[in-house]
Amino acid sequence: MEYYNYLKSLHLIFVITWFAGLFYIVRLFVYQIEANEKPSPEKEILQAQYKIMTYRLWYIITWPSAILASIFAFWMLFFTDLGQAWLKMPWMHVKLAFVFLLYLYHLKCHQIFRQLQNNEVKYSNNFMRLWNEGATIILFAVVFLVILKSAINWIFGVIGIILFSVLIMLGFRFYKRIRERK
């Protein structure tokens, strides 16, 4: 069992750094998109700096964390008795579906990263602010699933974060209106 706890600890550490990378990369996307609207030479200076920052974050922290979190998860699930037992439980199936969504989210972020590295701006900064909530919703769902070990109760956590996100967006719009008046 102690061996399993080491695996679980390593998995959790890399899940945390993976999510940190996903949260921060989308914030950097917002800044890159906003920099694109600046006049020269500020635009070029900011874009060059954000490209370096996103490159380092993406390839030094986010991708390695995703890979290591997955390796330790795979190890726990398929090479330990407890993991094999969990694979038979409905809440784990739902959790793995959310992990699949997380990988889709990660791959879409990779696509956006590549576009911005090539100076292709296809999304607005407001879209990116909303996009940033995707990882948050997945995080809430997975945490509730793992802690409650219920295939149903995660719904309440996700509904809560969606309502919280709506409040944040309303606050963002309110702040934007105040900022535009000044």
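**Close-up views of a predicted model**

**Figure 1. The largest cavity of the model.** The structure, which is a predicted model, contains one cavity of 30 Å³ or more. The lining of the largest cavity is formed by Gln32, Asn36, Gln47, Lys51, Leu116, Asn119 and Val121. By class, this lining comprises two nonpolar, four polar and one charged residue.

**Figure 2. The largest pocket and its lining.** The space in the largest pocket amounts to about 650 Å³. Its lining consists of 27 residues, and those closest to the centre of the pocket are His11, Val15, Lys95, Val142 and Val146. Four helices, namely α1 (2–35), α2 (42–79), α4 (90–117) and α5 (125–148), each contribute at least two residues to the lining of the largest pocket. In terms of residue class, the lining of the largest pocket holds 22 nonpolar, two polar and three charged residues.

**Figure 3. The second largest pocket, between lining residues of two helices.** The volume of the second largest pocket is about 160 Å³. Asn126, Leu130, Met169, Phe172, Arg173, Lys176 and Arg177 make up the lining of this pocket. Two or more of these residues are supplied by each of the elements α5 and α6 (154–181). Helix α6 provides the largest share of this lining, with five residues. The lining of the second largest pocket is divided into three nonpolar, one polar and three charged residues.

Figure 4. The buried residues of α5 are Asn125, Met128, Arg129, Asn132, Glu133, Ala135, Thr136, Ile138, Ala141, Val142 and Leu145. An α-helix has 3.6 residues a turn, so residues three or four places apart point the same way. Among the buried residues of α5 is Val142, which is also one of the residues closest to the centre of the largest pocket.

Conventions
Residues are numbered from 1 along each chain as its sequence is written. This is a predicted model: local features need pLDDT of at least 70, side-chain atom pairs count only at pLDDT 80 or more; totals for chains, interfaces and linings use all residues. Side-chain values use heavy atoms; hydrogens and water are left out. On a 1 Å grid over the protein atoms alone, a cavity is a set of points where a 1.4 Å probe fits but cannot get out, and a pocket is an open set with protein on both sides within 12 Å along at least five of seven lines; lining residues have an atom within 4 Å of a point. Grid points are joined across faces, edges and corners, and a volume is the space filled by probe spheres set on the points. Ala, Val, Leu, Ile, Met, Phe, Trp, Tyr, Cys and Pro count as nonpolar, Asp, Glu, Lys and Arg as charged, and the others, Gly among them, as polar. Buried means under 20% relative accessible area, exposed over 50%, partly exposed in between (1.4 Å probe, protein chains only).
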